[in-house]
Amino acid sequence: MTNYDKLTFAPFCLQEVSIFVFEKKLADKLHKPRRKETVTEILKKSVHYLEMLRQPKLILKVVHSVEDCNDTLAFAAEPVIASLANILAYQASVGGRAVNGPPSTGASIITTTAMPRPAHAREYNFLDFEIKYGIRQIAEALDFLSPQVHHHNVCPSSILVTKTGTWKLSGLEFIVQTEARERITCTPWTSRLPKMAQPDLDYIAPEVQLSSYCSSHSDMFSLGMVIFAIFNNGRPLIQANHSSSTYMKQLDVLENQIHNVLPKLPPQLQEMATKMLSKDVDARPFVKNLLHTPYFCDRFVETIQTLDIINMKDLIQKCQFYKITLKESLPFIPKKIWYQRVWPFLQHEMLKPDVSAAVLHPVIFLIQESTLEDYETLMLPAMSKIFNGPKHVPVQVILLENLHVILEKTPRDDIRKEVLPLLYTAFDFSDIEVQVSRNYCGYFNNPGCYLN
């Protein structure tokens with residue numbers, strides 16, 4: 001990273017994490033001892049707030065707190081692919097703009113990688129579905145924070161894309177405590193402080209830089225700038241290059257920039273995104289106004305979000321969601337999301353006895369629609385646990401009723417080893433449902449033909 005290197009590994013506890021490492025020698029370039037201490041304290045503060053303001057669905061989850069050694073600072077978090085800045089920087093470079101990497105702000109210290117950009121960031125492209133889901137996640141994260149704090153540095157560097165494709169808000173090193181009054185005094189960007197010890201100037205709200213105050217509406221301006229950058233091939237509307245005077249000049253022509261880029265945004269988002277960038281603070285919408293725009297009223301995105309809160313629902317609600325809502329939504333959800341977000345979740349859920357039968361409904365759909373390669377590499381290892389696990393009657397019934405789907409995708413050797421024992425076990429069941437399912441699958445399919 002610019003100053004924090006991210007490594008992903010699976011330790012002996014078998015929990016996959018991302019390790020963020022800050023090399024203190026990078027702060028030596030600042031020369032002044034007090035400045036170096038400032039950067040170090042900012043990093044510690046960021047992780048402290050990540051731990052204090054926990055919201056696993058929306059905020060980056062810290063797995064192991066900061067370790068402060070002689071040469072490094074480090075902490076462990078949930079598995080991360082890249083920051084939004086990594087991905088957008090590549091899009092900006094291929095779009096024709098020379099990009100030297102994300103700005104060296106406090107957020108980039110924690111969340112971004114240095115140039116050259118890593119392969120996984122270069123090759124990662126967002127679907128429209130992911131963008132809609134991602135922006136909604138960050139808006140909800142700001143809504144979660146707003147009663148307590150203002151983020152004060154919403155920018156691509158403070159947004160992380162996790163291994164499952166979920167966007168999480170991080171970069172809490174500059175947050176400002178909410179007080180009774182709406183407007184709170186804060187420090188504008190200045191050349192007298194290290195760049196890495198300040199928010200990203202390209203995304204700072206005008207009132208922060210001009211009048212030294214901020215509010216929740218300031219975060220809405222910054223989020224609006226992020227939205228425009230996403231749809232503008234990664235190019236921010238203001239490119240200040242760490243110069244407050246350049247920021248002021250470009251702020252004067254911001255409305256022209258908005259007008260030029262606006263057609264690239266989805267029509268349902270254009271009006272709200274424009275209001276978010278109003279220089280009149282009171283004219284900007286609240287987060288809830290943004291979330292209620294037609295652009296975010298997407299039941300399939302809501303279906304994916306439900307996976308994050310499914311454990312908050314009772315057993316009947318869970319089973320209904322898996323059997324009906326999720327299964328019926330999958331045909332309208334991109335396949336990339338199936339394997340990145342849905343399947344990793346379902347393969348753990350289907351091992352839970354109380355919901356395993358319900359979970360198998362969308363699982364069977366995924367098997368049916370998957371390629372042979374995807375099934376064998378991604379799904380079969382987890383399905384083997386079901387084939388060889390405890391045989392609950394509802395699970396046995398669903399597997400037998402869909403045996404033809406399983407046999408069509410399973411390699412011969414695995415049929416002998418995994419599937420046929422399942423069928424033989426069914427003959428020992430006296431339950432009437434299993435007998436009917438056994439007869440049903442035997443009438444329509446002869447498993448022996450798959451072995452010839």
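How many residues apart are Arg136 and Glu140 in helix α5? I began my notebook with that pair.

**Entry 1: ground rules**

I am working on a predicted model, where local features need pLDDT of at least 70, side-chain atom pairs count only at pLDDT 80 or more, and totals for chains, interfaces and linings use all residues. Residues are numbered from 1 along each chain as its sequence is written, and side-chain values use heavy atoms, with hydrogens and water left out.

**Entry 2: Arg136 and Glu140**

I looked up the spacing. Arg136 and Glu140 are four residues apart in helix α5 (residues 128–145), so about one helical turn separates them. Their side chains meet in a salt bridge, 3.3 Å from N to O. For that term I take a side-chain nitrogen of Lys or Arg within 4 Å of a carboxyl oxygen of Asp or Glu. Next I checked accessibility. Arg136 counts as buried at 12% relative accessibility. Glu140 counts as buried too, at 16%. Buried means under 20% relative accessible area, exposed means over 50%, and partly exposed lies in between (1.4 Å probe, protein chains only).

**Entry 3: other salt bridges**

I found 14 salt bridges in the structure. One of them joins Lys44 to Asp68, with the closest N and O atoms 2.8 Å apart. Lys44 is partly exposed, at a relative accessible area of 29%. Asp68 is also partly exposed, at 41%.

I then turned to Asp413 and Arg416. Their closest N and O atoms are 3.6 Å apart in a salt bridge. The two are three residues apart in helix α19 (residues 412–426), so they too are separated by about one helical turn. Asp413 counts as exposed at 58% relative accessibility. Arg416 counts as partly exposed at 45%. I also noted a network: salt bridges that share partners join Lys57, Arg136, Glu140 and Glu302.

**Entry 4: α15 against α16**

Two packed helices are described by the angle between their axes and the distance between the axes. I looked up helix α15 (residues 356–369) and helix α16 (residues 372–387). They pack at an angle of about 150 degrees, with axes 11 Å apart. That makes α15 roughly antiparallel to α16. The cut-offs I use are under 35 degrees for roughly parallel, over 145 for roughly antiparallel, 65 to 115 for roughly perpendicular, and oblique for the rest. Axes are lines fitted to C-alpha atoms, for helices over the stretch in contact, and angles run from 0 to 180 degrees between N-to-C directions.

α15 passes α16 in a left-handed crossing. A crossing is left-handed if the near helix is turned anticlockwise from the far one by less than a right angle, and right-handed if clockwise. Leu360, Val363, Leu366 and Ile367 in α15 meet Tyr375, Met379 and Met383 in α16. By class, this contact has seven nonpolar, no polar and no charged residues. Ala, Val, Leu, Ile, Met, Phe, Trp, Tyr, Cys and Pro count as nonpolar, Asp, Glu, Lys and Arg as charged, and the others, Gly among them, as polar.

**Entry 5: α15 against α17**

Helix α17 (residues 393–401) packs on α15 at an angle of about 20 degrees, with the axes 8 Å apart. The two helices are therefore roughly parallel. The crossing of α15 past α17 is right-handed. From α15, I listed Ser356, Ala357, Leu360, His361 and Ile364, which meet Pro394, Val395, Ile398 and Leu399 in α17. The contact divides into seven nonpolar, two polar and no charged residues.

**Entry 6: two single residues**

Which residues is Arg183 in contact with, leaving aside neighbours within four places in sequence? I got Tyr213, Cys214 and Asp282. Contact means heavy atoms within 4.5 Å. Arg183 lies in the loop between β9 (176–177) and β10 (184–185). Arg183 counts as partly exposed, at 39% relative accessibility.

His404 is in helix α18 (residues 403–409). His404 is partly exposed, at 24%. His404 and Gln368 are 36 residues apart in sequence and 9.7 Å apart in space, C-alpha to C-alpha.

**Entry 7: whole chain**

I counted 20 helices and eleven strands. Helices (H or I, at least four residues) and strands (E, at least two) are DSSP runs, numbered from the N terminus. Buried residues make up 55% of the 452 in the chain.
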